[in-house]
Amino acid sequence: MVDAIPRALLLREVVAGCLREPDREPAAVFDRVRARLEAVGGWPLGPFGRAARTAGVELVTQWLRRLPRVDGARCVRDGLGRGDGVETTVHPPLVLELPPAPGGPDGPRTVAIVGTSDPRLVPGGTVVVRSSPGKSDGPSRARYHLRAAVDHLCLAAAGPLADVPHQHHLLSGDGTITTIEHAPWSMADARAHLTELCRSLLDDTHGYVWPLDVATKAAFGEVAEVKLIERALGFGPIQRTDGLAPPAADDALAWAATRLRPVLERLRGALWYSVDGEARPRSRR
């Protein structure tokens, strides 16, 4: 049995390899990627690794048949300050200037965002492989859509995806693909949102975690009040060693609206939420 995350990482590289080399058989690309990951301890040796091959090749083949592609499209990956994988275009780190910390030393603070995006087709959009098994319309898909949205936000702030519509394709374990459209970010708006997001995360610290579906409802005004309980397992406050207290209810609602809503309201497709009470149109292949 192969864990979900190593499996998803391998399948992502296999899909990207097949998109870069469309004339190669998926099985050959799978074996090449598997051998590379085995050499660095990223894939199990022996029968467990071999047993996943048949199902993995079959799943990649289904995805490639259903993935919308434009003739001549290139598969690329963008890196901010670093490059992982093959065919990565490395851009400078995304450097943001924040105001001085409350009660801290004078002078601005600097935050540098570094990392590597998921593969994307040019033209065609980002390709996201889901690590958890299950259907494309299950509730656990939300974080993958958000991940692609944050990729778009960061690359718009850095320049490569500024002022252009975008889309991403979520590849699920049942072989289906969900396509989500993104409205464009200007570079100025993307940088401003990331700057305020970083400032808020650093300065407005608190000891409480919301599940994404609840935070989404709060972001769009569907949660009228926040009930903060003293102790809970899973999501919510716990006994903390860092001394952080749960936020005031009004602050929690405001942070959901300012941090999350500007990102989510740019997405259109088969999502886990709706805007203004209207379900968004589905686009599944």
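Is Asp163 buried or exposed, and at what relative accessibility? Asp163 counts as exposed, at 54% relative accessibility; the cut-offs are under 20% for buried, over 50% for exposed and partly exposed in between, with a 1.4 Å probe and protein chains only.

This is a predicted model: local features need pLDDT of at least 70, side-chain atom pairs count only at pLDDT 80 or more, and totals for chains, interfaces and linings use all residues. Residues are numbered from 1 along each chain as its sequence is written, and side-chain values use heavy atoms, leaving out hydrogens and water.

**View 1. Asp163 has a positive phi.** The angle is about 65 degrees, although Asp163 is not a glycine. Asp163 lies in the loop between α4 (142-158) and β8 (166-171). Helices (H or I, at least four residues) and strands (E, at least two) are DSSP runs, numbered from the N terminus.

**View 2. Val122 and Pro123 are joined by a cis peptide bond.** Omega is about -10 degrees. Pro123 belongs to the loop between β6 (120-122) and β7 (125-129).

**View 3. Arg266 places its charged end over the ring of Trp185.** The distance to the ring centre is 3.5 Å. A charge sits over a ring if NZ of Lys or CZ of Arg is within 6 Å of the ring centre and within 35 degrees of the ring normal.

**View 4. The chain has seven helices and 10 strands.** Of its 285 residues, 45% are buried. Among contacts (heavy atoms within 4.5 Å) between residues at least 6 apart in sequence, 66% join residues at least 24 apart.
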